[in-house]
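Biologist: I'd like to learn how to read a model like this one. Could you take me through it?

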Amino acid sequence: MRAQHIFLGKKLVALKTSLVRVKDGTHPVSSHGDALQLMTMKRPKRYVAKAHRHIPKRRVTKLLQECLIVVKGKVRFDLFDPLGKLFKKVLVKEGEAMFILEVAHEVRYLEDTLAYELKNGPFIDDKRFL
């Protein structure tokens, strides 16, 4: 499955993807320049990603981006425009991920849910509620 691109006007604000029909190999879901990188990976048994490390580089980001990967259960993301008006509801089920680029959002847990949430750090308590 290719990522579902979610726009507010002409601006890409979120991506939804699934692990159901992932192609072999490694494929980016997010854009190269995003603060948080999301990739799908499908590898055969005995595949080895050779030992490596990443060279420390200074990375500066201004936006917090986050990704919720649903392992079990079901959630709904309600997405809001800058004025606080709901403009899109997105259902995210087991095996799917929601990648929030730059949009106000509310997460409703529709079932008992087990998920991973990833964000660029370090953690700063910076939530502003609508």
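Modeller: Helices (H or I, at least four residues) and strands (E, at least two) are DSSP runs, numbered from the N terminus. Glu66, for instance, sits in strand β5, which covers residues 66–72. This is a predicted model, where local features need pLDDT of at least 70 and side-chain atom pairs count only at pLDDT 80 or more, while totals for chains, interfaces and linings use all residues. Residues are numbered from 1 along each chain as its sequence is written, and side-chain values use heavy atoms, with hydrogens and water left out.

Biologist: How many helices and strands does the protein have?

Modeller: Zero helices and ten strands. Read from the N terminus, the order is β-β-β-β-β-β-β-β-β-β. The C-alpha trace spans about 50 × 35 × 30 Å along its principal axes.

Biologist: Is Thr40 buried or exposed?

Modeller: Buried means under 20% relative accessible area, exposed over 50%, and partly exposed in between (1.4 Å probe, protein chains only). Thr40 is buried because its relative accessible area is 9%. Thr40 belongs to strand β4, residues 39–42. Across the protein, 29% of the 130 residues count as buried.

Biologist: Which residues does Thr40 touch, beyond its neighbours within four places in sequence?

Modeller: Contact means heavy atoms within 4.5 Å. By that rule, with those neighbours set aside, Thr40 is in contact with Leu19, Val22, Gly25, Thr26, His27 and Val29. Among the protein's contacts between residues at least 6 apart in sequence, 61% join residues at least 24 apart.

Biologist: What about charged residues, then? Which side chain of opposite charge is nearest to Glu66?

Modeller: For charges, Lys and Arg count as positive and Asp and Glu as negative, with His and the chain ends not counted. A salt bridge needs a side-chain nitrogen of Lys or Arg within 4 Å of a carboxyl oxygen of Asp or Glu. Glu66 is buried but has no salt bridge, and its nearest side chain of opposite charge, Lys119, is 4.7 Å away.

Biologist: Which side chain makes a polar contact with the side chain of Glu66?

Modeller: A polar contact is a pair of N or O atoms within 3.5 Å; within protein, one must be able to donate a hydrogen and the other to accept it, and residues adjacent in sequence count only if both atoms are side-chain atoms. For Glu66 the partner is the side chain of His105, at 3.3 Å. Lys16 lies in strand β2, residues 11–18.
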